[in-house]
Amino acid sequence: MIEPLLLLLLGFAVAYTSYTDFKYFKIYNKVLLFILGLAIMLHVLQGTWRASIETLAVSFTIFFVIYLFKMTSAGDVKLFAVLGSITADIRMMGLAFILYMTGHLLIGIVHLVKQADYKPGQILTLLIQDVRGFVSKTGSGIQPVRFPAAFLIGMSVIVAGVVQKFFMV
């Protein structure tokens, strides 16, 4: 009986945080704490609280590292950790992280191509300019991409769950 409640909680967490991230570029701590409390309570009832806490810690640590490189926001770190607590599956969250980073890379490539006006020579020029700016610490030639990542994070976790359930042993 608890498994469907955890799936419902995961769906709510993804839907609500995606909405607030799209609308306000904000993931509210109060909501994340509420969801985390429910997830841990359900895992205590199921007897899987230890896996929930472990996955929370590992998920937080993984995303905190990319936060240190300014590749994501603090809200995204907390969201990924809370979703890890709901799933209580480190392997699934590892796959979700790979899917998220792949999606993040694809968004970056699309943004780069668009910024270069779809001209291959301009793409190379921008990349060289960006590397020079990075090495000399004068700044990037490529404009940063700002997008609400909650949806990408949530879909990465959901897709990882589906892949694990139906395609992995």
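How many residues does helix α7 have, and how far does α7 reach from its first C-alpha to its last? Helix α7 (residues 150–167) has 18 residues and reaches 25 Å. This is a predicted model: local features need pLDDT of at least 70, side-chain atom pairs count only at pLDDT 80 or more, and totals for chains, interfaces and linings use all residues. Residues are numbered from 1 along each chain as its sequence is written, and side-chain values use heavy atoms, with hydrogens and water left out.

**Helix α7**

- The reach of α7 is close to the 26 Å expected at 1.5 Å a residue. The expected span is 1.5 Å times one less than the number of residues.
- Helices here are DSSP runs of H or I with at least four residues, numbered from the N terminus.
- The buried residues of α7 are Ala150, Leu152, Ile153, Gly154, Ser156, Val157, Ala160, Gly161 and Gln164.
- Buried means under 20% relative accessible area, exposed over 50%, and partly exposed in between (1.4 Å probe, protein chains only).

**Largest pocket**

- The volume of the largest pocket is about 920 Å³.
- Its lining has 31 residues; Lys70, Met71, His104, Pro144 and Val145 lie nearest the centre.
- Elements giving two or more residues to this lining are α4 (74–87), α5 (90–115) and α6 (120–136).
- The largest share, nine residues, comes from α5.
- A pocket is an open set of points on a 1 Å grid over the protein atoms alone, where a 1.4 Å probe fits, with protein on both sides within 12 Å along at least five of seven lines; lining residues have an atom within 4 Å of a point.

**Nonpolar surface patch**

- Phe60, Phe64, Val65, Tyr67, Leu68, Phe69 and Met71 form a nonpolar patch on the surface. Together they have about 660 Å² of accessible area.
- Such a patch takes residues with over 30% relative accessible area and no salt bridge, joining nonpolar side chains within 5 Å. A salt bridge puts a side-chain nitrogen of Lys or Arg within 4 Å of a carboxyl oxygen of Asp or Glu.
- Phe64 lies in helix α3 (residues 49–68). Phe64 counts as partly exposed because its relative accessibility is 33%.

**Loop residues**

- Ile142 sits in the loop between α6 and α7. At 17% relative accessibility, Ile142 counts as buried.
- Asp117 is in the loop between α5 and α6, and Tyr118 is also found in the loop between α5 and α6.
- Phi is positive in both: near 55° for Asp117 and near 65° for Tyr118.
- Most residues other than glycine have a negative phi.
- Asp117 is exposed at 52% relative accessibility, and Tyr118 is exposed at 60%.

Conventions. Patch = residues over 30% accessible without salt bridge, like charges linked within 9 Å, V, L, I, M, F, W, Y side chains within 5 Å. Areas by Shrake-Rupley, 256 points an atom, 1.4 Å probe, with all protein chains shown as cover. Points joined across faces, edges and corners; volume = space filled by probe spheres on them.
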